[in-house]
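Please have a look at the sequence and the model first, and then we can go through some of its parts together.

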Amino acid sequence: MSARRSGGAGRAVGEWPAGRPLLSAHLVVDRPGFRLDVTLSVSPGEVVALLGPNGAGKTTALRALAGLLPLYAGRLRLGEVVLDEPAAGLFVPPEHRRVGVVFQDYLLFPHLSALDNVAFGPQARGASRRVARAEAARWLERVELTPLARQRPRQLSGGQAQRVALARAMAVGPDLLLLDEPLAALDARTRMETRARLHHDLRAHEGATLLVTHDPLDALVLADRLVIVEDGRIVQEGDAAAVTARPRTEYVARLVGLNLYRGRADGHAVTLPGGFTMVADDEVHGDAFLAFPPSAVALHPRQPAGSPRNTWAATVVGVLPHGDHLRVELGGPIRAAAEITPASAAQLGLLPGSEVWAAVKATETRAYEY
Ligand SMILES: Nc1ncnc2c1ncn2[C@@H]1O[C@H](COP(=O)(O)OP(=O)(O)OP(=O)(O)O)[C@@H](O)[C@H]1O
């Protein structure tokens, strides 16, 4: 099978020129009432997480990369091969792409053993049964499942089934590995263990990896770079530190647990919609984001003396447990979340409708341009 037909890199991933992305895609997909329009590039060995709320278009992007949905416009190149380019009449079908997919519910064949599930990929791509099974055995060994090779999927735990699905996706030697919510089907405990294993296995993959997830923890643990999609568009991308330090949408701010506002800055003062002004540690001019963590919000029963900055009268909208703290949703001149201990909540006698004073130190308040 030629590299072109097989949709392969056309040269070993190890020889791929440094600095040139292995996957380079401008994906435009039309659905009734929805358009996905995103540009993605992933380098060899890099793990990118596509993160976003429900209906953002993550699965649509993954399906387009796998060839399960054709592009409406744009271009998808993997290695040296163009897999989809409607304007040029090019489309490589899924079975001829060097792409491995781990679906959310794994889609293992229930009547086949773990070994034959993994052997399916190489066999479907033309390997003999013997070669495919040898390849499958090698992959099961890599994910430490050799003793379970003869088991059927229903005899495997969720974490084991996930690893069989990963071995099956890797057994075709993919240049692009796609994972759709790989840990969503697992309970919390198995999830932690499987996440750690998956991290280890993904490090060993020389090709490009794209992971679709709702779960910020999966993204932070597994990925080198985050791409955040909302309503079919990329709203922010970068490594975890950059994204969490400077969220650019409310979704991202919630994800990283920050209060976030848009306003106009004049030096250290940022005026928010409605006219409330806050003082930030940073100096910015023009349109700006203002962000502070809920843990930086102190609540007082009366107006605190001697600290007129960043203090406002607020009304308690709701109180929710948050780990071993309480998260207090506040209404008032700005909506904000505060995180306090159960002891201080009891002292303040917090109930929905309670009146309190909120205070945030300028040193804990960040401002940055948008
Ligand atoms: N088979 C389909 N036919 C038509 N529209 C679809 C289909 N599947 C998804 N959509 C629409 O495409 C948009 C993006 O959906 P998609 O499943 O890609 O989002 P997502 O980010 O993966 O969401 P989730 O996290 O809920 O899986 C949504 O508006 C959805 O209603």
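**Two helices side by side**

Let me begin with a pair of helices, H5 and H6, which are roughly parallel to each other. Please keep in mind throughout that this is a predicted model. Helix H5 covers residues 158-170 and helix H6 covers residues 188-203, and the two pack at an angle of about 20°, with their axes 10 Å apart. An angle under 35 degrees counts as roughly parallel, so the description I opened with follows from that value. As for the hand of the crossing between H5 and H6, it is right-handed.

Which residues of H5 and H6 meet? On the H5 side they are Gly158, Gly159, Gln162, Arg163 and Leu166, and on the H6 side they are Thr190, Glu193, Thr194, Arg197 and Asp201. Sorted by class, the residues of this contact between H5 and H6 come to 1 nonpolar, 5 polar and 4 charged.

In the loop between strand E8, residues 176-180, and H6 we find Glu181. Its phi is near 45°, which is a positive value in a residue other than glycine. Glu181 counts as partly exposed, because it has 19 C-beta neighbours inside 10 Å.

Let me now turn to the ligand. The residues that surround the ligand are Arg31, Pro32, Phe34, Gly52, Asn54, Gly55, Ala56, Gly57, Lys58, Thr59, Thr60 and His214. By class, this shell is made up of 3 nonpolar, 7 polar and 2 charged residues. Which helix gives the most to the shell around the ligand? That is helix H2, residues 58-66, which contributes 3 residues.

After H2 comes Gly67, whose phi is positive, near 90°.

Val284 is buried, because 22 other C-beta atoms lie within 10 Å. If we leave aside its neighbours within four places in sequence, Val284 is in contact with Ala265, Ala367, Tyr368 and Glu369. Val270 is 14 residues away from Val284 in sequence, and the C-alpha atoms of the two are 8.4 Å apart in space.

Asn310 sits in the loop between strand E14, residues 297-300, and strand E15, residues 311-322. Here, too, phi is positive in a residue other than glycine, with a value near 50°. Is Asn310 buried or exposed? It is buried, with 20 other C-beta atoms within 10 Å.

Let me finish with the protein chain as a whole, which has 10 helices and 19 strands. Its C-alpha atoms fill a box of roughly 80 × 45 × 40 Å, taken along the principal axes, and 39% of its 370 residues count as buried. Among the contacts with a separation of 6 or more, 65% are between residues 24 or more positions apart.

Key: Residues are numbered from 1 along each chain as its sequence is written. This is a predicted model: local features need pLDDT of at least 70, side-chain atom pairs count only at pLDDT 80 or more; totals for chains, interfaces and linings use all residues. Axes are lines fitted to C-alpha atoms, for helices over the stretch in contact, and angles run from 0 to 180 degrees between N-to-C directions. Helices (H or I, at least four residues) and strands (E, at least two) are DSSP runs, numbered from the N terminus. Angles under 35 degrees count as roughly parallel, over 145 as roughly antiparallel, 65 to 115 as roughly perpendicular and the rest as oblique. A crossing is left-handed if the near helix is turned anticlockwise from the far one by less than a right angle, and right-handed if clockwise. Two residues are in contact if their C-beta atoms, placed from the backbone, lie within 7 Å. Ala, Val, Leu, Ile, Met, Phe, Trp, Tyr, Cys and Pro count as nonpolar, Asp, Glu, Lys and Arg as charged, and the others, Gly among them, as polar. A residue is near a molecule or strand if its C-beta atom, placed from the backbone, lies within 6 Å of it. A residue is buried if 20 or more other C-beta atoms lie within 10 Å of its own, exposed if 12 or fewer, and partly exposed in between; C-beta atoms are placed from the backbone.
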